[in-house]
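Student: I would like to go through this structure and check what the terms used for it rest on. Please set each value against its definition.

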Amino acid sequence: MADTRPKLLIVEDDEGLQAQLKWAYEDFEVLVAGDRASAIAALRAEEPSVVTLDLGLPPDPDGTSEGFAVLDEIMALKPDTKVVVASGHGARESALTAIERGAYDFYQKPVDIEQLGLIVRRALNLHAIERENRVLWERAGEGNTVLGGLVTSAPEMVKVARTIERVANTSVSVMLLGASGTGKELLAQGLHDASGRAEGNFVAINCAAIPENLLESELFGHEKGAFTGAVKTTEGKIEMADGGTLFLDEVGDIPLPLQVKLLRFLQERTIERIGGRKSIPVDTRIVCATHQDLEAMIADGRFREDLFYRLAEIVVKIPSLAERPGDAVLLAKVFLKRFAREMNPQVTGFAPDALTAIDGWGWPGNVRELENRVKRAAIMAEGKLVKAEDLDLDDEADDGPEVLNLKSARERADRRVIRHALARNEGNISSTARTLGISRPTLYDLLKQYDLQS
């Protein structure tokens with residue numbers, strides 16, 4: 001009889017601790033691995049819900065490099081897996097790095113079996129809840145929203161939202177990395193709303209949109225008479241966000257002299273307005289975003305390394321729209337409803353060729369480009385349905401990022417095609433099956449296998 005217990009993978013090179021942990025988790029189907037190769041092999045073959053990972057693995061048992069390499073591979077292959085990292089190496093630094101790289105939680109050695117067991121069971125519960133939620137998100141169709149009202153049905157974006165929710169009630173600074181138009185400000189607003197600072201102000205400033213000579217005044221404020229034109233004392237954005245959150249968009253465009261002043265604020269949590277001599281204490285959480293490669297800018301001397309580490313205690317990487325299967329059609333329908341209502345009420349939906357074009361386009365401008373294209377199409381459409389020519393797109397397919405694991409690639413391809421077929425056929429099972437060239441029972445089997453709903 002098949003073992004129906006949830007699967008737990010223990011990655012630990014100490015055989016005595018392996019046996020102890022295996023004995024402690026009798027309600028799990030326990031798998032054991034002692035190095036990176038066997039851990040990844042077990043992950044691929046068994047797909048465990050939870051992994052406990054010792055960072056000190058051979059050939060680096062006294063360090064953390066091999067353990068973090070395993071964590072990175074797990075997150076690349078099965079990002080929904082809950083990884084509990086256990087280590088005695090530099091607890092705080094290792095914890096922050098582990099959470100930043102996608103770990104669910106961190107536990108410092110020596111291991112307390114009972115406490116670690118509680119963490120593992122919480123991780124398992126969360127994994128089960130997220131699995132149920134994926135079904136509900138699929139079932140909810142175009143009404144899918146997560147953190148900050150973000151519309152998505154893609155597990156890649158749901159993972160981003162869950163990471164942000166997890167750090168929302170901490171005091172750490174968060175850096176959002178992603179291409180232009182991926183929704184960084186929307187996620188920053190969602191982080192603020194989910195935090196204990198939600199009653200305070202959410203203040204956003206685009207550092208690239210303000211001239212260099214005015215940016216310091218915008219951030220720190222100025223006293224009356226501080227410079228020509230300063231006719232009154234003005235609070236800066238940092239002060240306006242006291243008790244709330246300041247979102248620094250395109251933080252890579254802050255000039256070096258101003259980076260020094262921002263670093264001083266982050267260290268001392270006080271500011272001085274331009275022309276002022278009084279230190280003003282400010283309790284502001286910083287969330288920043290950029291599409292630039294800050295590490296390359298640090299190497300070129302254009303961005304301060306100490307400021308980077310102050311701003312990037314937690315780094316969240318936001319996938320592009322092309323890396324979020326099914327979201328382009330989902331978002332397009334949401335945008336069309338809004339723009340049609342405002343500009344062209346006769347438009348009721350998309351023609352099949354328009355959905356094909358939306359699916360196949362690479363969306364280099366991400367959600368912002370999609371929104372603009374749909375807005376244009378809503379205005380230009382002459383009938384009830386938006387056609388491909390209204391969007392000014394072709395139907396050239398986009399293969400997306402390369403996946404080398406055959407099982408993951410096959411599952412990803414199946415999910416993508418089924419999602420798109422369901423979206424085009426408004427969730428109708430018979431029509432979707434005909435589009436896919438399969439029978440209805442086969443489609444139902446696939447929907448069940450991949451936790452998809454019409």
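Student: How do you know how the residues of the lining of the second largest cavity divide by class?
Tutor: Ala, Val, Leu, Ile, Met, Phe, Trp, Tyr, Cys and Pro count as nonpolar, Asp, Glu, Lys and Arg as charged, and the others, Gly among them, as polar. By that rule the lining of the second largest cavity has eight nonpolar residues, one polar and three charged. Among the lining residues are Ile 10, Glu 12, Thr 52, Asp 54 and Lys 109. This is a predicted model, in which local features need pLDDT of at least 70 and side-chain atom pairs count only at pLDDT 80 or more, while totals for chains, interfaces and linings use all residues. Residues are numbered from 1 along each chain as its sequence is written, and side-chain values use heavy atoms, with hydrogens and water left out.

Student: What makes a space a cavity or a pocket?
Tutor: On a 1 Å grid over the protein atoms alone, a cavity is a set of points where a 1.4 Å probe fits but cannot get out; a pocket is an open set with protein on both sides within 12 Å along at least five of seven lines; lining residues have an atom within 4 Å of a point. Grid points are joined across faces, edges and corners, and a volume is the space filled by probe spheres set on the points. The second largest cavity holds about 70 Å³.

Student: Why is Asp 54 called buried?
Tutor: Buried means under 20% relative accessible area, exposed over 50%, partly exposed in between (1.4 Å probe, protein chains only). Asp 54 has a relative accessible area of 7%, so Asp 54 is buried.

Student: Which residues is Asp 54 in contact with, leaving aside neighbours within four places in sequence?
Tutor: Contact means heavy atoms within 4.5 Å. On that basis the partners of Asp 54 are Val 11, Glu 12, Asp 13, Gly 67, Ala 86, Ser 87 and Lys 109.

Student: What does UniProt list for Asp 54?
Tutor: An unreviewed UniProt entry lists Asp 54 as "modified residue: 4-aspartylphosphate". UniProt positions are given in the numbering used here, feature names are shortened, and annotations may be inferred rather than shown by experiment.

Student: Why does the second largest pocket lie between domain 2 and domain 3?
Tutor: Domain bounds come from an automatic or database domain assignment. Domain 2 (155-317) and domain 3 (323-390) both give residues to the lining, so the second largest pocket lies between them. Its volume is about 480 Å³.
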